[in-house]
Amino acid sequence: MEENRTEAPSAATTAVVLAGGGALGAYEAGVLSYVFGELARELGGAARPNVFAGTSVGALNCGALAAYADDPGEAVRRLARYWRSVTMDHVLRFGHRELATLLWLVVGRGERPRARLLSRPRRGMHAPVAGLFDTGPLHEQMKTLIPWDRLQRNLARGTVRGIALCATEVCTGLSIIFYQTSPGVEYRVGADPAKEARQVRIDVEHAMASAAIPFLFPSVQIDGVCYTDGGIRQNTPLNPALRLGAERVLVVSVSQDPLVDARLARSGCRRNAYPGALFLVGRMAKVLLAQSLDYELSRVELYNRLIEGGVQAYGPDFLLNLNRILSPFRNSHYRPVRTCHIRPSRDLHSLAVDCLKRAPEELTLPGASGKLASAVVRSPAVAESELLTYVMFTPTYARELLALGERDARASRDRLVRFFADE
């Protein structure tokens, strides 16, 4: 792939891929703090990532990391500082307006045809889909936490080769990949009809669209089109990172090993003999977050072995000939891709429940309506549903997640050293 950079190229194009998961973004920040903080200092400066792909809260964390791609240490310091200080009212608002629109949330507004026509946004087919909470506080914080103009400068000078943030288009259900590249870098659009890549100038609106958890957060309207959480279709966006040319991919996910997760899930079901509807909603959220990441990573390893074996059997031209044959069908080049996957070593739902028991007062929103919403979120129905895992933006939980992310990354030190090695 041809490139046009104003900075010296690194040994390999290195991507960071971050999954969605609401409050679990603190876990990702913990992993990143170790990798681009402690480990980078130990190694005398690990290779700087130059490709970023994220979904939901992973899109927000990616935005912060990409904005400081020239100084990853500063990026992770800012992220860790934000997550250590996060509170519910920093992220969400639930006031009289949200209480009054609960019916609209379920059935829609229901205005007369003429009134609906007059209230329709100028460029949109309909108004943004309502959510239980107002995410205005989070939107304002992301405008200041992430210097988007700095991200644009990094893209312009090639410090960032490309960034991709995934959302879901409400009306079509398509997985939308909002992407932007530095000059001369190509995003190789795939043929999957369920995914659509759109070249944009990445800004806070695209990150907020990616993070708009259905039902809980309102959708985000961009150029007249409504978007919701990208995790519905593509929670850990490995594919966009590869289509931006990544040769090394550091993946941070928020789901445990699938076999361990299944065993814990069955135990949870046995303990909950009379689950409500929220229990099912929480389980479905967990299914969406897990998706098929392990299978995708195994396919990358399969292609690595195919390339290695082919070169050994047929010589150095094997990969060139393979790409000549297959590239017209895939619009992508096969190449060796080194991966490193960091995931939680413990059940994050049980961690959330423990933190709620230790500091229930932190799960409180201001005002009478906020207290009502807080009581619902703290209720056994929500706690048992695992929704708590994703919406508990509290200092105690965030700090525990940060610490767990750092421990899990530190336990993977040897794998990370091999991942960043230049040989």
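Let's start with Ser56. Ser56 is buried, at a relative accessible area of 2%. Buried here means under 20% relative accessible area, exposed means over 50%, and partly exposed is in between, with a 1.4 Å probe and protein chains only. This is a predicted model, where local features need pLDDT of at least 70, side-chain atom pairs count only at pLDDT 80 or more, and totals for chains, interfaces and linings use all residues. Residues are numbered from 1 along each chain as its sequence is written, and side-chain values use heavy atoms, with hydrogens and water left out.

Where does Ser56 sit? In the loop between β2 (51-55) and α2. Helices (H or I, at least four residues) and strands (E, at least two) are DSSP runs, numbered from the N terminus. Beyond its neighbours within four places in sequence, Ser56 contacts Gly20, Gly21, Cys166, Ser210, Ala211 and Asp229. Contact means heavy atoms within 4.5 Å.

Now the backbone. Ser56 is not a glycine, yet its phi is positive, about 55°. Most residues other than glycine have a negative phi. Asn331 also is not a glycine, and its phi is positive at about 50°. Look for Asn331 in the loop between α15 (318-330) and β9 (338-342). Asn331 counts as partly exposed, at 29% relative accessibility.

The axes of α2 (residues 57-67) and α3 (residues 72-85) come within 8 Å and cross at roughly 140°. That makes α2 oblique to α3. The axes are lines fitted to C-alpha atoms, for helices over the stretch in contact, with angles from 0 to 180 degrees between N-to-C directions. Under 35 degrees is roughly parallel, over 145 roughly antiparallel, 65 to 115 roughly perpendicular, and the rest oblique. Which residues meet? Val57, Asn61, Ala64 and Leu65 of α2 meet Ala75, Val76, Leu79 and Trp83 of α3.

Keep an eye on Trp83. The largest nonpolar core has 94 residues, and Trp83 and Tyr397 have the most contacts inside it. Helix α1 (residues 25-42) gives the most to this core, 10 residues. Such a core is a set of buried Ala, Val, Leu, Ile, Met, Phe, Trp, Tyr and Cys residues joined through side-chain atoms within 4.5 Å. Trp83 touches residues including Ala26, Ala29, Phe393 and Leu402, leaving out those up to four places away in sequence.

On to Gly405, in helix α20 (residues 395-411). Is Gly405 buried or exposed? Buried, at 0% relative accessibility.

Last stop, helix α16 (residues 348-358). Its buried residues are Leu348, His349, Leu351, Ala352, Cys355 and Leu356. They cover an arc of only 160° around the axis, so they lie on the same side of α16. That arc is taken from the directions from the helix axis to the C-beta atoms. The face of α16 turned away from the buried side carries exposed Lys357 and Arg358.
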